Amino acid sequence: DHVMAELTLALKTACVKHLIYKVRSDEFPGGKALVVMEKLRDKYEPDNEMTKVDLKRELNGIVMKISEDPSEFFEKVSKIENRSHGSHVLSANNILAAVLEKVPEEYNSTLATVQVMIKKNGKKLTVDDIEEALTAQWRVMSSKKSEGEENELSLNNFGGSCFYCHE
């Protein structure tokens, strides 16, 4: 009863409240929380072939841009990974392979270094390892870009004159 009361308070939409009313029975007049949760899972996390296709398409559709902070790319990957846990569609190896495929060429040396270091430590490469390495590399690359832009702006704003031609 306590769990059903919590569910009723937590679930606000009319559609979901209707679901709570549908699971009432003579044996459980307030409804049964386990049945509500199963119905919610069926509705919002269906485990069928179409779900598998959708998750694979979604994973294949994300792109990592060299100008983009890698953490944004990995957040998208994480959302898909979290949704796939219930259906067991995407294994860790599937996700790792998709991530490696999406990494821009500019990160190839970083990837190679990380793979060698992980292998030397006797571990398996993970998506988290790649995210950590690419984020560190991106921070180095983006700080160099911004330093170059500042120097260029400061030269353009030079208000003096040339020692050679006096302009």
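## Starting from L134

Apart from the core discussed next lies another core, of ten residues, with L7, V16, L19 and V23 among them.

This is a predicted model, in which local features need pLDDT of at least 70 and side-chain atom pairs count only at pLDDT 80 or more, while totals for chains, interfaces and linings use all residues. Residues are numbered from 1 along each chain as its sequence is written, and side-chain values use heavy atoms, with hydrogens and water left out.

## The largest nonpolar core

Which residues touch the most other members of the largest nonpolar core? They are V99, I130 and L134, in a core of 26 residues. A nonpolar core here is a set of buried Ala, Val, Leu, Ile, Met, Phe, Trp, Tyr and Cys residues joined through side-chain atoms within 4.5 Å. Buried means under 20% relative accessible area, exposed means over 50%, and partly exposed lies in between (1.4 Å probe, protein chains only).

At least two residues of this core come from each of α4 (49–61), α5 (70–84), α6 (92–102), α7 (108–120) and α8 (127–156). The largest share, six residues, is supplied by α8.

## The chain as a whole

The protein chain has eight helices and zero strands, so you can read its elements from the N terminus on as α-α-α-α-α-α-α-α, with helices (H or I, at least four residues) and strands (E, at least two) taken as DSSP runs numbered from the N terminus. Of the 167 residues in the protein chain, 28% are buried. Among contacts in the protein chain with a separation of 6 or more, 61% are between residues 24 or more positions apart.

Two packed helices are described by the angle between their axes and the distance between the axes. Axes are lines fitted to C-alpha atoms, for helices over the stretch in contact, and angles run from 0 to 180 degrees between N-to-C directions.

The axes of α5 and α6 come within 12 Å and cross at roughly 155°. That angle makes α5 roughly antiparallel to α6; angles under 35 degrees count as roughly parallel, over 145 as roughly antiparallel, 65 to 115 as roughly perpendicular and the rest as oblique. The crossing of α5 past α6 is right-handed, a label used if the near helix is turned clockwise from the far one by less than a right angle, with anticlockwise giving left-handed.

On the α5 side, F73, F74, V77 and E81 meet I95, V99 and K102 of α6. The residues of this contact divide into five nonpolar, no polar and two charged. For these classes, Ala, Val, Leu, Ile, Met, Phe, Trp, Tyr, Cys and Pro count as nonpolar, Asp, Glu, Lys and Arg as charged, and the others, Gly among them, as polar.

## Around helix α3

Helix α2 (residues 14–22) and helix α3 (residues 33–44) have axes that come within 10 Å and cross at roughly 140°. The two helices are therefore oblique to each other, and α2 passes α3 in a right-handed crossing. In this pair, C15, V16, L19 and I20 of α2 meet V36, K39, L40, K43 and Y44 of α3. Seven nonpolar, no polar and two charged residues make up the contact.

Helix α1 (residues 2–10) also meets α3: their axes come within 9 Å and cross at roughly 35°. Here V3, M4 and L7 in α1 touch A33, V36 and M37 in α3, and by class the contact has six nonpolar, no polar and no charged residues.

Although A98 and K56 are 42 residues apart in sequence, their C-alpha atoms are 9.6 Å apart in space.

M37 sits in helix α3 and counts as partly exposed at 35% relative accessibility. Its C-alpha atom is separated by 9.9 Å from that of L19, 18 residues apart along the chain. In helix α8 you will find S142, which is partly exposed at 26% relative accessibility. S142 and S67 are 75 residues apart in sequence and 8.2 Å apart in space, C-alpha to C-alpha.

Note on methods. Contact = heavy atoms within 4.5 Å.
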